[in-house]
Amino acid sequence: MDQTNDHSNELIKKEIESRRAFLFALEWLLALLNRYASSIQFDLVHIELGSEHELGEAFGAQEAFKQLALLTTSLTNDFRKTDLITRHVTDYWIIVPYDSDKEQIQNKIVDIFNAAKHKDLNVINREISIFSLPLASVESITKFASAIEFLTYLKTNKKQLADKTFKLSANFECINA
């Protein structure tokens, strides 16, 4: 096996481990929210990078994977050690212990995408949503069978549920959604 395959395999293994840790922590937080909703607060950030087809067409499959892995590394390095990050296809999710300053989170994400090493991602639109949990409009977290089902619910209903949603267009304009 060559070094490129070893590196790709290591990246895949890290992403699987981080996804497992993220989902475990989110399920635990959701269980706590169900019991102690008024005393637990955290933010959940969703970054949607177009679609896998857009990335594949823009870069090719191997380069798209490299760009996504590079972004995962940047998010992990630039957010705090207490923030958990996972990626599912072209969706990134970040658990941020409560921070009332949504503008600071937005600025951090914009700075990451603005970095020279991510300039190639400027060919696709990115939509970022920041949710504050517990959600006022969701009475019971128990209606969700899993953390994945909850994330799907948030993604589908982000326009109504997110505290803040903004887009970074392909030409890097920041647009409030």
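F144 counts as buried because its relative accessibility is 11%, where buried means under 20% relative accessible area, exposed over 50% and partly exposed in between (1.4 Å probe, protein chains only). This is a predicted model, in which local features need pLDDT of at least 70, side-chain atom pairs count only at pLDDT 80 or more, and totals for chains, interfaces and linings use all residues. Residues are numbered from 1 along each chain as its sequence is written, and side-chain values use heavy atoms, with hydrogens and water left out.

**Aromatic rings**

- The structure holds three aromatic pairs; rings of Phe, Tyr and Trp (its six-membered ring) pair if their centres lie within 6.5 Å, with planes under 30 degrees apart counted as stacked, over 60 as edge-to-face and the rest as tilted.
- F144 and F150 pair edge-to-face, at 5.1 Å centre to centre and 75° between the planes, and both are buried.
- F144 also forms a tilted pair with Y153, at 4.9 Å centre to centre and 50° between the planes.
- Y153 is partly exposed because its relative accessible area is 22%.
- Ring pairs link F144, F150 and Y153 into a cluster.

**Charges over rings**

- K108 lies over the face of F79, 4.8 Å from the ring centre; a charge sits over a ring if NZ of Lys or CZ of Arg is within 6 Å of the ring centre and within 35 degrees of the ring normal.
- The charged end of R126 sits over the ring of F113, 5.0 Å from its centre.

- Leaving aside neighbours within four places in sequence, the contacts of V45 (heavy atoms within 4.5 Å) include Y92, W93, I105 and I128.

- Residues buried in α3 include A64, L68, L71 and L75.
- Strands β2 (residues 84–88) and β3 (residues 91–97) run antiparallel and are joined by five bridges; two strands pair if DSSP finds at least two bridges between them.
- R87 has Y92 of β3 as its bridge partner.
- The hairpin has two residues between its strands, and V89 takes a positive phi near 55° there.

Definitions and conventions
Helix = DSSP H or I, 4+ residues; strand = E, 2+ residues; numbered from the N terminus.
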